[in-house]
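Please look over the model below. The paragraphs that follow lead through it region by region.

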Amino acid sequence: MQSSIPRVMAACVAWCSLLFAASAHSQDYDLVILNGRVMDPESGLDAVRNIGVKSGKVLDITATQIRGKETIDATGHVVAPGFIDLHAHGQDPYAIKLMLRDGVTTPLEIEAGAWPVEDYYNEREGKSQANYGASVGHVWARISAMDNINPKGLGLYSDAINAAAHEGSKWSTQRSSPEQLKKIGAKVEQGLRQGGLGIGFPVGYYTAVGGPEVMDVASLANRYDTFITTHVRYLSNIPPSGYMALEELLAVASTNQVPLIVHHLPSNLLELTPQGLYLVDKARRNGLKIAAEFYPYTSGSSIIGADYLGPGFQQRTGMEYEDIVYVKTGEKMTKELLAKYRKEDPGGMMIMHHIKEKDMLAAFVWEGVFVGSDGVPFLDDKGQVPTWDAPYGAGKGHPRGAGTHAKVLRTVREQRVVSLMEAIAKLSYLQAKFLEDMVPDMKHRGRLKPGAIADITIFDPATVTDNAGWEEGKNSLPSTGIPYVIVNGTVVVKDSKVLKGVYPGQPIRNDVLD
Ligand SMILES: [Zn+2]
């Protein structure tokens, strides 16, 4: 008896290890992605591997054969961390569907932000195809405090802007009184306590803000251990310039010792973009945590009532009237039309051709500068946001909301401005790395490694392309060459189709909660 035990054990060791090995490599995974070129900007891994996903996480990245309940053959494709876009104003289902086709798993609204923040998160719980999150929008807190208008969660480009642009509204034309400032601060603080990601200061839309307001409210970011972001004021090459506006926000960030994200730097600094990029680098070398962002287009889009389109914009921006297009009608502006639409529909969308190619490319290749689409909601013929089922192409607006990320990959293939690995870092890892100290969830996104959350984008490097363009009917055409997108371990784009009714999106929040 005794002598048989070691034999049984020996047999068991052999069999059990075989059994164990077999089970670890068979049906244990929920999803396996086979034979793809796995690229991870954090570790530098760039090799053909198989990925095993279980319970929403990457369990293994291996050269050995594995099997799972669901299989994707990624032969000839790059398997990358899901793209993270910190600048996605289009938060409706149609806009998110286009983002997914463009490889984005985490489209966040952190430039304009939301308020009340709780409403933003509640509206999306269990109903979002991609991950979601928003900063606390200082602009909405300001509108609420100074004009007593409720922006109802996410307000940008919605009726709130038109409502808040009525004759006599104060939010964009007046400094806050000490009482109003107190109210604004309390509202922003409430948003931070509800999980808002940082504080968004798009001061370019309310240049009347002066005095201590931005400096004071930004101090809340320090107290809540979070960051601030900005669309700087003064769209101008001449004083007061966008460069000076960047200096202002650098002073706000460094005085309060809070990290800063500078959105669409070329779009604001225009000809002063290279100097602005040097300034960002210098501030970083001197210890400020700061990041700059760009989108790969030479045109911007925003509301036609924006104060930088006020008298004298030609001299400040180098644009003429015909460089500004009113989205609803496609009309190029004249002096009369611009005045009319600024008065009648100040929240209406416009597109402006205002960035030089060389300035956009300077930001594209600059080390550490990441991609943010600034995608705005598309509008249909009636000026409404299209429903999820609306056909591709039905939405009108700036094509960046549909094609930014694939356009970056296409540009890298055609012009080799940066390496493919650098491009993937600019599309995912750099954003996660910037946020991870403040938003712990981001430690596990933007990478492909065991333990990472399985947000994964699979694209064909030889064919991936944007298709959204400026021609009528093409503004909201989806990108192609990105056949699979996985959000939190769930396939949501399959064979280049967004799956209806699949809602794997999770909230991304600041971890300071009530
Ligand atoms: Zn902006």
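In which helix is serine 428 found? This is a predicted model, and in it serine 428 belongs to helix H15, which covers residues 420-435. With a relative accessibility of 0%, serine 428 counts as buried, because buried means under 20% relative accessible area. Apart from neighbours within four places in sequence, serine 428 has contacts with Pro81, Gly82, Phe83, Ile84 and Gly446.

The zinc ion comes next. Its protein donors are Glu111 through OE, His231 through ND1 and His264 through NE2, at 1.8 to 2.2 Å from the ion. Along the chain these donors follow the spacing E-x119-H-x32-H. Glutamate 111 sits in strand S8 (residues 109-114), while histidine 264 sits in the loop between strand S12 (260-262) and helix H9 (265-269), so the pair ties together parts that are 153 residues apart in sequence. Both glutamate 111 and histidine 264 are buried.

Helix H2 is another element to inspect. This helix spans residues 93-101, and eight of its nine residues are buried, so H2 is largely enclosed by the rest of the structure. The buried residues are Tyr94, Ala95, Ile96, Lys97, Leu98, Met99, Leu100 and Arg101. What covers them includes helix H14 (400-415) and the strands S6 (83-85), S7 (104-107), S20 (484-487), S21 (490-494) and S22 (497-498). Just after H2, glycine 103 adopts a positive phi of about 90°.

Key:
Residues are numbered from 1 along each chain as its sequence is written. This is a predicted model: local features need pLDDT of at least 70, side-chain atom pairs count only at pLDDT 80 or more; totals for chains, interfaces and linings use all residues. Side-chain values use heavy atoms; hydrogens and water are left out. Helices (H or I, at least four residues) and strands (E, at least two) are DSSP runs, numbered from the N terminus. Buried means under 20% relative accessible area, exposed over 50%, partly exposed in between (1.4 Å probe, protein chains only). Contact means heavy atoms within 4.5 Å. Donors are N, O and S atoms within 2.8 Å of the metal (3.2 Å for Na, K and Ca); water is not among the atoms, so sites may look incomplete.
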